[in-house]
Number of protein chains: 2
Amino acid sequence: MSASRRLHLNTNVTGMGRHPAGWRTLDNPKSIVDLGFFTSIARIAERGKLDAVFLSDALALRGHAHGPSQSLEPTVLLTALAGVTQHVGLIGTASTTFNDPFNLARRFASVDHLSAGRVAWNAVTTYDPQAAANFSFGEAPDKPARYARAAEFVDVVLKLWDSWEDDALVADRASGLYADPARVHAIGHRGPHFQVRGPLNLPRSPQGRPVLVQAGGSEAGVALAARDADAVFTAQTTFEGAQAFYRDIKARAAAHGRDPAHLLVLPGLYPVIGGTLAEARQRKAEMDALLERSAELAKFAGALGVEPTDLRLDEPLPYELIDSGVRSDVSGGFIRSTVLLARSENLTVRDLLDRNPGAHRMLVGTPETIADDIERWFTGRAADGFNLNADVFPSGLEDFVDQVVPLLQRKGIFRREYEGTTLREHYGLPRPPSRYADAQAGVAAAADAVS
Amino acid sequence: MSASRRLHLNTNVTGMGRHPAGWRTLDNPKSIVDLGFFTSIARIAERGKLDAVFLSDALALRGHAHGPSQSLEPTVLLTALAGVTQHVGLIGTASTTFNDPFNLARRFASVDHLSAGRVAWNAVTTYDPQAAANFSFGEAPDKPARYARAAEFVDVVLKLWDSWEDDALVADRASGLYADPARVHAIGHRGPHFQVRGPLNLPRSPQGRPVLVQAGGSEAGVALAARDADAVFTAQTTFEGAQAFYRDIKARAAAHGRDPAHLLVLPGLYPVIGGTLAEARQRKAEMDALLERSAELAKFAGALGVEPTDLRLDEPLPYELIDSGVRSDVSGGFIRSTVLLARSENLTVRDLLDRNPGAHRMLVGTPETIADDIERWFTGRAADGFNLNADVFPSGLEDFVDQVVPLLQRKGIFRREYEGTTLREHYGLPRPPSRYADAQAGVAAAADAVS
């Protein structure tokens, strides 16, 4: 471990927490559209010196009878959170399939300006036929189509973020020159999916470019991450599997001429914390008792691509029926890693439901055992850090911040204070130059010729 | 004038003020991407009890060498302003040509939640070939195509905003019912431009629906406003012309079975304020002296659809060359009303440049003459209020709030305190029921059959 290598921790906000029945333990379970609910999460994260708040997203309503789901639009909500926090990073999910690159580039750059450089875009391709039905698609685009569009979409967004050089905004009252046309560049993108002249209509943002996160576990997703992303979110259930993923994607980044340290690998983690193991188990059991088993079974079956009647509680998964290649987003990663775990540990459907399938690797334990596990994965290069999934907000996050973070700080792997101001600085990432800046003109021309 | 009829005033934010050289008088002319600049505007508006801050928008960069233009994305910026204000309404412009209805409906509803009911969407169709070039359009869509899409786009957005009934979010911890499926409705929209299943993925917003503003002056724009809008923004240069527009659109609203009082007519107004007329003229002259005449001439020629060499400073406009039907958004309205004014007063190009063409009706005067003019238009039913265009922020708005607003209050036509909390309440508009609510099921079914 190099002296400068540091653990990174985000709190992943999805619904009101990862446990499907967690909301039934809350005093104000309607607060899914209240700024106060999210402000509380962001401030706890900041108190714990976490790198970022990460908002999941969905573009269709499902399961709303049984619990809260992602509602407020992420860039809007992150802007509100920027106003009530000072340090914590702000990561928003947005789909490359159901957005337009000019609007998306502008929106994230706008949040970067208004947050003084704390924003990241988590690019997903959105496997969800119900989302497609909200966006005038006759049928949902298949994976190759989604990833071909995604790769070009990301390319356009990165060019737009580079289209103003850092010092292009002159605002010289004496001469009347506001922005220097020589330092504001049309991007002239012409590809199969997008033709975008540019430039973007706002000056370069504080981070140069918002941080780019990629969250797909498929080959196409990993390839995209290795080339362009600053961080990759991934579902990993075993230490060895995570190490292999880590080695592979870092090698791919290096093959693109990148410093592998500048592509962070951040698996999901779902800690359930108690003062003793028994207390942790009790916390989980109390929420589990509130679960609607039939709804959970139906949701799990849907994610596996089978019918609920294909699943029997005390038998293994019907592996022959499972189309393991269906999904390619992180949810798909959940499922693949769940199936992997089920095979390797010979688990029943009931065992799997107990672990809230569709969530991330679950650790039920004390602050000490959870901190030790995090350290092991971090030092063993299975992860550069984690997306933490609280079982329910705010208490799940609060327990982590108050009880686990101090142990990680004592181990010397996690910051005691924020050392920078931007999310790039929290993540140890350099601020990228504009590809169009003078010194790089040759490189930019070459890059344009390729695209 | 009915006892309850009240004047409505928005501050229209475009660039750093309406005067093209105003930024050259500012201490910090780079602040176009700083929240502080906009916070100051919003707080002054709130101090003056104005109805709303209204953000113009553009989707391509133009004229940036000569001055600031709209940069930060409006829904993001309005969210930030919601956090630093308590009362003032928040109006954002967004294009029906270069957005998707599901994303747009969700974004504005999200801001409505986070601002406790203060948001409005100003729907525009965006005549701008340079915007089209940023959105993968082979060529800019023509006006009929834009308005056909706009009418259906607005229809989809209004349905999505209605898709959750007010009381659909139950969050009953005991039964485990989170949202009541009987009160959350698919919209099943199938039209020529959009096929959207719905429902929206967030609960009904505080205003029921965000306020809907329409800003096109063409026949198609007026027809859309009369049917669906809560307010119409318009460019009017003459009292009689404004009265005729007012009568016409109120009659059209009535023909749709609407209460004409619930469609506000808000022309633009560009006041330049001085303690005396000479001081007001001096204020304008100082800014005019900083204008780049050649850039202004080029901009004006572009807006007229002619070449700069077609314009001669001391001659009338080349009416035979002017394609007066080209533009249909408010900018087009500016141009049409400017051409009308030029003809009726036999103005030269120089005269027109002195009035900052492309802006709204300019009033250079004292607080008294400006307040009297506002009262005349209001009581004469040429307007229900105005979009105020400050020459430069913040001083142009500050002068209006400190010097003109007290006179309007004394005349008894403008509020002394906010009487409600939402923008609908400021505007005197009722909170609409969901078309899908039980009592209205028959109406909703009929409406769906039509669309």
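1. Glu240(A), Arg247(A) and Ala255(A) are exposed on the other side of helix α7(A), where exposed means over 50% relative accessible area and buried under 20% (1.4 Å probe, protein chains only). The model is predicted: local features need pLDDT of at least 70, side-chain atom pairs count only at pLDDT 80 or more, and totals for chains, interfaces and linings use all residues. Residues are numbered from 1 along each chain as its sequence is written, chains are lettered from A in the order in which they are written, and side-chain values use heavy atoms, leaving out hydrogens and water.

2. Among the buried residues of α7(A) are Phe239(A), Phe245(A), Tyr246(A) and Ile249(A). Seen down the helix axis, the buried residues of α7(A) fall within an arc of 165 degrees, taken from the directions from the axis to the C-beta atoms, so they line one face. They pack against α6 (219-228), β10 (231-234), β11 (264-273) and α12 (367-379) of chain A. Helices (H or I, at least four residues) and strands (E, at least two) are DSSP runs, numbered from the N terminus.

3. Gly257(A), with a positive phi near 80 degrees, follows α7(A).

4. Chain A can be laid on chain B with an RMSD of 0.1 Å by a turn of 180 degrees and a shift of 0.0 Å along the axis, superposed by least squares on C-alpha atoms of residues with pLDDT of at least 70 in both. That is the relation of a two-fold axis. Of the contact residues of chain A, 100% recur in chain B, so the same surface serves both copies; contact means heavy atoms within 4.5 Å.
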